[in-house]
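I opened this notebook to keep track of what I looked up, one entry for each topic. The entries follow the order in which I went through the model.

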Amino acid sequence: MQVETILHVEKLSKRFGKIRAVNQLSFEVGRGQVFGILGPNGSGKTTTLSMLLDLIPPDDGTFSWFGQPPSKDSRKRIGSVIESPNFFPYLDAVTNLKIVADIKDKPYDDIDEVLQLSGLYERRFSKFRTFSFGMRQRLALASALLGKPEVMILDEPTNGLDPQGIAQIRDLISLVASRGTTILLASHLLDEVQKICSYVVVLRKGVMLFSGNVREVLAVSDSIEMASSDMPVLAAAIAEFPGFLASTAINGILQVHFDRPVVTSEINTFLYIKGIVLSHLSEKKRSLEQHFLELLQDTP
Amino acid sequence: MIKLLKIEFKKIRTYKVFWILFGLYFVFLAAGILLAEFMINHMVNNVNQRMPIPFPHVAIYYFPDVWQNVAFFASMRYVLIFPAIIMIILITNEFTFKTIRQNVINGMSKTEFLVSKLLMILLMAVIMGIILTAGSFFIGLFHSGFTDVNLFSKGLPFMGGFFISLACYMVYAFFCGFMLRNTGMAIAIFTLYSLIIEPVIYFLFRAPFMFKNTIYTYLPVNAVIRLTEYPAIPMLKKMMGLELQNHVSIVACLIPMAYAAIMIGIVFWVMNRKDL
């Protein structure tokens with residue numbers, strides 16, 4: 001299926017002194033995709049988004065929004081939350097949103113709706129400085145939603161929030177995504193990207209490590225560890241187990257991967273029939289975070 | 001243009017600090033102007049106690065002198081500092097609250113952002129100019145009565161001079177705030193320079209009595225303040241042998257305008273190159 005390209009990034013680079021914050025980054029975002037930029041702190045996520053929003057001039061490379069060179073008009077079609085919520089503390093929520101609507105050339109009609117969506121309607125005439133951290137973050141999201149943008153850019157939208165706040169924000173993102181809005185989400189949380197995004201690029205020190213479908217890039221395969229007195233026989237026997245993928249022997253323990261979920265009792269029975277008695281059998285689940293770290297370490 | 005001003009107005013409409021400083025400016029100004037005659041005559045009385053032939057009392061609120069006098073008091077550095085501080089706060093707030101970033105993210109161009117602030121300066125200078133012109137007119141009318149229609153027109157050059165002073169001085173403040181980005185530091189440095197450093201430079205390089213002080217004339221803040229060089233008090237001329245200014249010199253207007261133009265140029269240059 002041919003998807004319309006919303007964002008095209010080509011060989012984008014930015015240096016801060018000797019540090020290459022972003023290095024030759026290229027990717028493409030199609031309409032309706034929920035696209036994740038995943039990387040640890042300092043991997044260049046915010047720098048990339050800042051360049052895409054004309055806050056920082058890139059040293060090298062180009063990008064285009066909606067098939068056109070970047071301009072203020074393309075930015076009006078994008079709703080963004082970058083790092084912290086930026087509003088005038090002495091103005092109330094409604095006035096702050098009106099300023100955003102004015103800049104975006106959008107009518108004020110949406111303001112009540114986005115305030116209700118973000119659960120701030122009751123506090124709409126309170127000054128921004130009286131808002132809690134979670135409310136500030138939700139107001140930022142509300143302002144990004146103003147005027148029904150075609151694209152939303154979210155930089156660490158759940159950073160620093162309590163679990164309830166995180167759940168609220170994620171629900172809101174899912175709701176927006178279900179309406180067909182393209183979403184570009186930067187996060188250092190693998191779990192977040194995996195829950196929300198369909199496509200992902202993984203960054204480390206400004207360099208793109210992987211890109212593609214979330215399920216493929218972040219696929220987690222659990223393994224099962226086993227040991228017996230005769231390891232070579234064990235290795236040969238388990239290879240015949242249905243769904244066997246690969247096995248590696250480490251420190252007298254055989255680590256076996258399967259292409260499907262496998263129950264340990266199944267294996268025990270299978271090997272017992274073959275005359276092998278196991279001295280060790282355990283399931284090893286890798287946490288997502290651990291997997292993410294491995295992903296980052298795997299490459300030179 | 002209208003859209004940009006609308007946005008700027010929303011930013012200040014309920015901003016107490018802005019209105020308090022704006023009000024303070026007029027309180028200081030009104031107090032200064034209305035007390036000036038009393039103060040000067042009080043001094044004259046003191047001097048007269050030791051004089052065989054007493055000096056006459058001064059009258060500064062009559063047409064056409066009132067124009068020049070009000071322009072003089074309104075552009076004194078201690079008074080002008082208020083609108084300058086307002087301007088510094090308005091621009092550094094945008095950096096402190098990172099709203100300048102957010103404005104650009106939301107689809108304002110960097111040029112539009114700067115233009116909106118410059119329009120704000122222009123609008124404030126126009127409004128203050130109108131208030132001052134109206135004020136001077138009523139003060140003059142109250143003291144001299146409606147005597148001559150032509151007297152009104154004679155004052156306009158001085159009000160125009162005041163407008164240029166105020167607009168240029170606010171551009172200086174805007175420049176200082178934009179470059180330093182920090183409210184406290186910008187106010188401190190700007191006030192220090194305006195109120196202390198330039199007067200000290202004047203003191204160090206002052207010319208012998210009655211000679212024109214050349215270096216000082218070209219210093220930015222002084223160039224703004226000296227558009228209306230002296231109040232129109234005929235006695236001053238007699239006492240100090242000063243050549244009394246009776247018009248606003250075009251050349252004198254060009255000096256602060258040139259400074260302001262250079263500063264605006266630098267601000268645009270920096271804005272398009274620096275990270276926000």
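**Entry on two helices of chain B.** I began with helix H6 (residues 110-144) of chain B and helix H12 (residues 250-271) of chain B, which in this predicted model pack at an angle of about 150°, their axes being 10 Å apart. Since an angle over 145 degrees counts as roughly antiparallel, that is how I wrote down H6(B) relative to H12(B). I also noted that H6(B) passes H12(B) in a right-handed crossing. On looking up which residues meet, I found Lys110(B), Thr111(B), Phe113(B), Leu114(B), Val115(B) and Leu118(B) on the side of H6(B), and Ile264(B), Val267(B), Phe268(B) and Met271(B) on the side of H12(B). Sorted by class, the residues of this contact come to eight nonpolar, one polar and one charged.

**Entry on two helices of chain A.** I then turned to helix H3 (residues 93-103) of chain A and helix H4 (residues 110-117) of chain A, whose axes come within 10 Å and cross at roughly 120°. H3(A) and H4(A) are therefore oblique to each other, and I recorded that H3(A) passes H4(A) in a right-handed crossing. The contact is formed by Ala93(A), Val94(A), Leu97(A) and Lys98(A) from H3(A), together with Ile111(A), Val114(A) and Leu115(A) from H4(A). In this contact of H3(A) with H4(A) I noted six nonpolar residues, no polar ones and one charged.

From H3(A) the contact takes in Thr95(A), Lys98(A), Ile99(A), Asp102(A) and Ile103(A), and from H1(B) it takes in Lys3(B), Lys6(B), Ile7(B), Lys10(B) and Lys11(B). By class I wrote down three nonpolar, one polar and six charged residues for the contact of H3(A) with H1(B).

**Entry on the interface as a whole.** How many residues of each chain take part in the contact between chain A and chain B? I found that 30 residues of chain A are in contact with 27 residues of chain B. Between them the two chains bury about 2,700 Å², of which 55% is on carbon and sulfur atoms. The count of salt bridges between chain A and chain B is three. I also looked up the salt bridge that Lys10(B) forms with Asp102(A), where the closest N and O atoms are 2.6 Å apart.

Over all chains the count comes to 22 salt bridges. I followed up the one that Asp59(A) forms with Lys14(A), in which the closest N and O atoms are 3.7 Å apart. This pair links distant parts of the chain, for Asp59(A) sits in the loop between helix H1 (45-52) and strand S4 (60-65) of chain A, whereas Lys14(A) belongs to strand S1 (residues 5-16) of chain A, 45 residues apart.

Definitions and conventions
Residues are numbered from 1 along each chain as its sequence is written. Chains are lettered from A and ligands numbered from 1 in the order in which they are written. This is a predicted model: local features need pLDDT of at least 70, side-chain atom pairs count only at pLDDT 80 or more; totals for chains, interfaces and linings use all residues. Side-chain values use heavy atoms; hydrogens and water are left out. Axes are lines fitted to C-alpha atoms, for helices over the stretch in contact, and angles run from 0 to 180 degrees between N-to-C directions. Helices (H or I, at least four residues) and strands (E, at least two) are DSSP runs, numbered from the N terminus. Angles under 35 degrees count as roughly parallel, over 145 as roughly antiparallel, 65 to 115 as roughly perpendicular and the rest as oblique. A crossing is left-handed if the near helix is turned anticlockwise from the far one by less than a right angle, and right-handed if clockwise. Contact means heavy atoms within 4.5 Å. Ala, Val, Leu, Ile, Met, Phe, Trp, Tyr, Cys and Pro count as nonpolar, Asp, Glu, Lys and Arg as charged, and the others, Gly among them, as polar. Buried area is the accessible area (1.4 Å probe) that two parts lose on being put together, summed over both. A salt bridge is a side-chain nitrogen of Lys or Arg within 4 Å of a carboxyl oxygen of Asp or Glu.
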